[in-house]
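Me: I would like to go through this structure with you, one piece at a time. Could we begin with its strands and then turn to the helices?

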Amino acid sequence: MNRKLIEKADDLLAKEKGTVFKDPGGKINICLVYPNTYHVGMSNLGFQGIYGLLNRRDDVVCERAFLPDERDIEEYIRTETPVFSLESKRPLNRFDMVAFSISFENDYPNILKILDIAKIPFSSSERNEYHPLLIAGGVCCFFNPEPIAPIFDVIFIGEAEESLNEFLERLRDKSKTYGGQGTRDEMKKDLLNIEGLYIPEFYQTDCNNDGTILKRVSINNAPEKIKRRYIKDLSISPITTTIITPEAEFSEMYLVEAMRGCPWKCRFCLVGHIYTPTRKKDLDTITVEIERAKEITPKIGLIGPSLTDYAHIKDVLCIDGVDFSITSLRASEKSAELVELLKGHKSVSIAPEAGTERMRR
């Protein structure tokens, strides 16, 4: 392990508030990976939320890893240092499970870069019982998992907070899970009973000569169609900011999700079609979350694709002692009213979302 790279990781940890350190003994050891840099990944609420959700379980220890900075990749390769977790500095290939949180298609090549440096074979068919189980979740996994399907053993279709605990309970109850290749195959068959899990090796795809798909056949009693899982009531979602750091893109900011999905369903935008139905946190829940966040930092970012349509947005922006940032407002008369409430704040983004230049004007 390269001392310079370890010192850099320790420097990042020293600036964090909320980092979780746990004894890995007797627990399912998971490394949660964001396939981009630390600065980008730590500004992703989904990534932060899953980290917190996993570490709230007594039978799990979850640590984090990221794509090395561009200037560090050569050092990893030159010194043959594998990608390692921030918390314990363990290489990825020494975890029971490596879980990727994938939000952007542009990060697909980074998945392979990380696996290459971590010395983990790309294809699930090339890995055996001595390699970690590779799982994936995030928005890219449930709008179209096929481009990355050959890489992963298990892919979560839908919102992982709805199915992740069920998945872990199944693993915990199977004491034979990591006993060998045969038992790993049995474990994957057991997982077929959990709605919302896609296990690519149980599907065969036949293609035409031009590469288009002719048919797709499920085997081993795998479901022909995998149903997307989603949380019905956003107010009970366990996804919250876990770690505050000045080294994130949103420096020292606590992210609070106000709504998920968008009622407008513009044809050129993915959010309104995959995060359905649109769900909104009730005012009491979001107020409690903001008051709790204020004890850590006054900087709070409200997350939602069209906060102009969040019914309680004015009430929230009137909460005292908070420096609010807003992800996006849909350009409208109501947006102008909200901007008045944001006077004195550093930034707000208003997106004139439309499919043509005429409509944007």
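**Strands and helices in the predicted model**

Reply: This is a predicted model. Strand E3 is covered on both faces: Met97, Ala99 and Ser101 on one side are all buried, as are Val98 and Phe100 on the other.

Me: How many of the residues of E3 are buried?
Reply: Five of its five residues are buried, and E3 is mostly covered.

Me: In which sheet does E3 lie, and in what order do the strands come?
Reply: E3 belongs to an open sheet of six strands, ordered E2-E1-E3-E4-E5-E6, and the pairing is mixed. The edges are formed by strand E2 (60-66) and strand E6 (197-198), each of which pairs on one side only.

Me: How many bridges join E1 to E3?
Reply: There are four bridges between strand E1 (residues 28-34) and strand E3 (residues 97-101), and the two strands run parallel. Met97 in E3 is the bridge partner of Ile30.

Me: Which helix packs on that sheet?
Reply: Helix H7 (residues 164-173) packs on the sheet, where it touches E1, E2, E3, strand E4 (133-137), strand E5 (154-156) and E6. The direction of H7 makes about 145° with that of E1.

Me: And how do E3 and E4 run, parallel or antiparallel?
Reply: E3 and E4 run parallel and are joined by five bridges. Ser101 has Gly137 in E4 as its bridge partner.

Me: Changing topic: is Asn55 buried or exposed?
Reply: Asn55, found in helix H3 (residues 45-55), has a relative accessible area of 10% and is therefore buried, the cut-off being under 20%.

Me: What is Asn55 in contact with?
Reply: Leaving aside neighbours within four places in sequence, Asn55 is in contact with Val20, Lys22, Val60, Val61 and Cys62.

Me: What about the hairpin of E7 and E8?
Reply: Strand E7 (residues 203-207) and strand E8 (residues 213-218) run antiparallel, with five bridges joining them. Thr205 stands opposite Arg216 in E8. Five residues lie between the two strands of the hairpin, and Gly211 in the turn has a positive phi of about 90°.

Me: Now the sheet with E9 in it. What is the strand order there?
Reply: The order is E9-E12-E13, an open sheet of three strands with parallel pairing. Strand E9 (254-257) and strand E13 (323-326) are at the edges with a single partner strand each, so one side of each has no neighbour in the sheet. From one strand to the next, the twist averages 30°.

Me: How many bridges pair E9 with E12?
Reply: Four bridges pair E9 with strand E12 (residues 299-303) in the parallel sense, and Val256 stands opposite Leu302 in E12. Helix H10 (residues 283-294) packs on this sheet, touching E9, E12 and E13, and its direction makes about 175° with that of E9.

Me: Which residues of H10 are buried?
Reply: In H10, Ile286, Glu289, Ile290 and Ala293 are buried. Seen down the axis of H10, the buried residues fall within an arc of 100°, so they line one face of the helix. They pack against E9, E12, helix H11 (313-317) and E13.

Me: And which exposed residues are on the face turned away?
Reply: Asp284 and Val288 are the exposed residues carried on the face of H10 turned away from its buried side.

Me: What happens at the start of H10?
Reply: A side-chain oxygen of Asp282 reaches to within 3.3 Å of the backbone nitrogen of Asp284 there.

Technical notes:
Residues numbered from 1 in each chain as written. Predicted model: local features only at pLDDT ≥ 70, side-chain atom pairs only at ≥ 80, totals over all residues. Heavy atoms only, no water. Pairing = 2+ DSSP bridges. Axes fitted to C-alpha atoms, helices over the stretch in contact; angles between N-to-C directions. Contact = heavy atoms within 4.5 Å. Buried < 20%, exposed > 50% of the residue type's maximum accessible area, 1.4 Å probe, protein only. Arc of directions from axis to C-beta. Polar contact = N/O pair within 3.5 Å; in protein donor to acceptor, adjacent residues only side chain to side chain.
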